[in-house]
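Subject: Structure handover and findings

Dear colleague,

Please find the structure below, followed by an account of what was found in it. I would be grateful if you could read the two side by side.

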Amino acid sequence: MINPIDTQDIDGLQVNMWLYSKLWGSGNKQPILAVHGWMDNAGSFDHIAPLIENHPILAIDLPGHALRTIIKKFGWSKVKLLGHSMGGVMCFNYSRLFPEEVQFVVALDILAFLSMSQVQQTRLLAYGIDKLMEFEKKMTSKPPTYAENEIIDNWIKKSQFQSLDEPAVRSLMKRGCEKTEEDKLFYTRDFRLSIPGFGPTYSRENCMEMAQSITSPYMVVRAADGPFTKDTYWTIIGDVLKKSSQDFQYVKVEGTHHFHMTNAKEVAAAINPFLDKHNIS
């Protein structure tokens, strides 16, 4: 499904873009806006969206425009957010910036920004700059091509947390790959995005202060075998949200970081009661 977003003026900024998205469920009810993780796409929700009962899901391919722009275009007075990994961080950030405009948030295997000290951030950025320069020296005018089995094998083995299986990769391939005339495949992702150090970083204290602004119902579903193993990452911000959020819920579900794809039934079973409680319009 392709939704065009025409030229419009938002807060003084002229915007013209196409929004690529997938809708599950009725188009007569405001959907839950699903935001995928780092270097994934809307296909990230192929497995779990059909299992979300009575609640339409609109998953977007992040187009490089602010989430605020997309939400304003749809004209929703309140937004319902579902985010995985980086998408969950975007939902966290949106809900602290515009708390009165968020109906609820469901975050999958993420809670807030990953905190680090200024020294750590400086070292990571320096490393990232050098890696970017190395990568750009190797870039060619045409992307490398692969056989289907090579793409699948590479995607599983080289994904950041190695948390994907073949069915999950095939879902992401539908939007993350294209075919050549020779029936080979190439990635449509920009692999420069995989270089660390360029994303926003904050201290733990910053993240705690951000969480104090969040008032909407907020559910965090943690993967039991996910990459963020330090309990303090979950408990420190979680303790703040217990006080600020109208209804903070935290559950742990079996699976790895992409458990919403590889263990979708159990993740959906955890989410559905929360949605039944708070998705009232």
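Is Asp109 buried or exposed? Asp109 is buried, at a relative accessible area of 0%; here buried means under 20% relative accessible area, exposed over 50%, and partly exposed in between, with a 1.4 Å probe and protein chains only.

The model is predicted, so local features need pLDDT of at least 70 and side-chain atom pairs count only at pLDDT 80 or more, while totals for chains, interfaces and linings use all residues. Residues are numbered from 1 along each chain as its sequence is written, and side-chain values use heavy atoms, with hydrogens and water left out.

Loop residues

Asp109 belongs to the loop between strand E6 (102-108) and helix H3 (118-138). Helices (H or I, at least four residues) and strands (E, at least two) are DSSP runs, numbered from the N terminus. The phi of Asp109 is near 50°, a positive value in a residue other than glycine. Asp183, also not a glycine, has a positive phi of about 65°. Asp183 sits in the loop between strand E7 (177-179) and strand E8 (185-187) and counts as exposed, at 52% relative accessibility.

Ser159 is located in the loop between helix H4 (148-158) and helix H5 (166-176). Ser159 is buried, with a relative accessible area of 14%. Leaving aside residues up to four places away in sequence, Ser159 touches Asn154 and Leu164 (contact means heavy atoms within 4.5 Å).

Strand E3

From strand E3 (residues 32-35), Ile32 and Ala34 point one way and Leu33 and Val35 the other, and all are buried. Strands pair if DSSP finds at least two bridges between them. E3 runs parallel to strand E4 (residues 57-60), joined by four bridges, and Ala34 stands opposite Ala59 in E4. E3 also runs parallel to strand E5 (residues 79-84), with three bridges; there Leu33 has Leu81 as its bridge partner.

Helices H6 and H7

The axes of helix H6 (residues 204-211) and helix H7 (residues 231-244) come within 9 Å and cross at roughly 30°. Axes are lines fitted to C-alpha atoms, for helices over the stretch in contact, and angles run from 0 to 180 degrees between N-to-C directions. H6 is therefore roughly parallel to H7 (angles under 35 degrees count as such). In H6, Arg204, Cys207, Met208 and Ala211 meet Thr232, Ile236, Ile237, Val240, Leu241 and Ser244 in H7.

Kind regards

Note on methods: Angles under 35 degrees count as roughly parallel, over 145 as roughly antiparallel, 65 to 115 as roughly perpendicular and the rest as oblique.
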